[in-house]
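Please look over the chain shown here before reading on. The report begins with its overall build and then turns to its aromatic rings.

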Amino acid sequence: MGFLVGLIITMGCMFGGFAALGGHLIVLWQPWEFVIIMGSSLGTFVVANPTKVIMDTGKALGQAVMDKGPKHRDFLDILGLLHALMRELRSKPRNEVEAHVDNPAESKIFTAFPKVLANKEMTTFICDYCRLFIIGNVRTFEIEALMDEEIAAIRYDRLKPYHALTSVGDGLPALGIVAAVLGVIKAMGALDQSPELLGGLIGAAMVGTFAGIFVSYGIVTPLAFKVKVARSKECHLYVIVKQTLLAFMNGAMPQVAVEHGRKSIPAYERPSIDEVENETLSGGAAEAA
């Protein structure tokens, strides 16, 4: 919604200002200039990126426009699941807990938090490090280094659509100039025509420069930034898991370890300590028991 509102404001002010200055909006309607610019951008995007990144970019755009990044409930679910798992690890033999991480789809703990279970990458991340803890003889600093490496790899993959869109946005002004040059070439072929016709051809060519710059800085670059924000928030869920499990591996009680994870959440999104306590003690943890 925010993206659409911002786009309406931007285009309304731009076209409204142009019309208020006495410009004719119909002059800006040059469909073949847009075909040259957008078609060339799409082609270079396809050339520069593998199929997986192209498909993931479409998914990332949908997430950004619809604002589908992690919400307050998602943070509580992660903390609730981790608390339930750590409580099991602390109170029961490790071979009993192993069944939860070996087959999370049938685990009462994981099924109590279906949104986390639906995230296959996150579920695998949690299970892998719980399994290492169950095996034993692991040193916390080694686990932390391994987590950092894996989170960095996840972040790299998740931000590929952002980098792909940024590259397209950076190239759009130049492609606008290409469209303008092609329009000027066409105008040069009509030098023997009337000034009115020649002026219209040159004006149409200039629309290419305008369109390339506007689409770059007014649409693609803001979209790329929204993709980065949404995907970075997704990646931060892994940091929450990391801080919580490391605190537990260092000997913290489950409720204290969850607080380590809660404190790693950005302040403007962070659930209160009372919310987390209610979630872990009387919410998901109770369901999982």
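This is a predicted model: local features need pLDDT of at least 70, side-chain atom pairs count only at pLDDT 80 or more; totals for chains, interfaces and linings use all residues.

Of the contacts with a separation of 6 or more, 75% are accounted for by residues 24 or more positions apart, and buried residues make up 43% of the 289 residues. The accessible surface comes to about 15400 Å², with 65% of it belonging to carbon and sulfur atoms, while the mean positions of the 26 positive and 29 negative charges are 2 Å apart.

The structure also holds four aromatic pairs, and two of these are set out below.

| Pair | Centre to centre | Angle between planes | Geometry |
|---|---|---|---|
| Phe125 and Tyr238 | 5.0 Å | 90° | edge-to-face |
| Phe133 and Phe248 | 5.3 Å | 50° | tilted |

Because Phe125 lies in helix α8 (residues 120-135) and Tyr238 in helix α11 (residues 195-249), their pair ties together parts that are 113 residues apart in sequence. Phe133 likewise lies in helix α8 and Phe248 in helix α11, so this pair ties together parts that are 115 residues apart in sequence. Phe125 and Tyr238 are both buried, and Phe133 and Phe248 are buried as well.

Definitions and conventions: Residues are numbered from 1 along each chain as its sequence is written. Side-chain values use heavy atoms; hydrogens and water are left out. Buried means under 20% relative accessible area, exposed over 50%, partly exposed in between (1.4 Å probe, protein chains only). Contact means heavy atoms within 4.5 Å. Accessible areas come from the Shrake-Rupley method with a 1.4 Å probe; for residues, only the protein chains shown count as cover. Lys and Arg count as positive and Asp and Glu as negative; His and the chain ends are not counted. The place of a charge is taken as NZ of Lys, CZ of Arg, CG of Asp or CD of Glu. Rings of Phe, Tyr and Trp (its six-membered ring) pair if their centres lie within 6.5 Å; planes under 30 degrees apart count as stacked, over 60 as edge-to-face and the rest as tilted. Helices (H or I, at least four residues) and strands (E, at least two) are DSSP runs, numbered from the N terminus.
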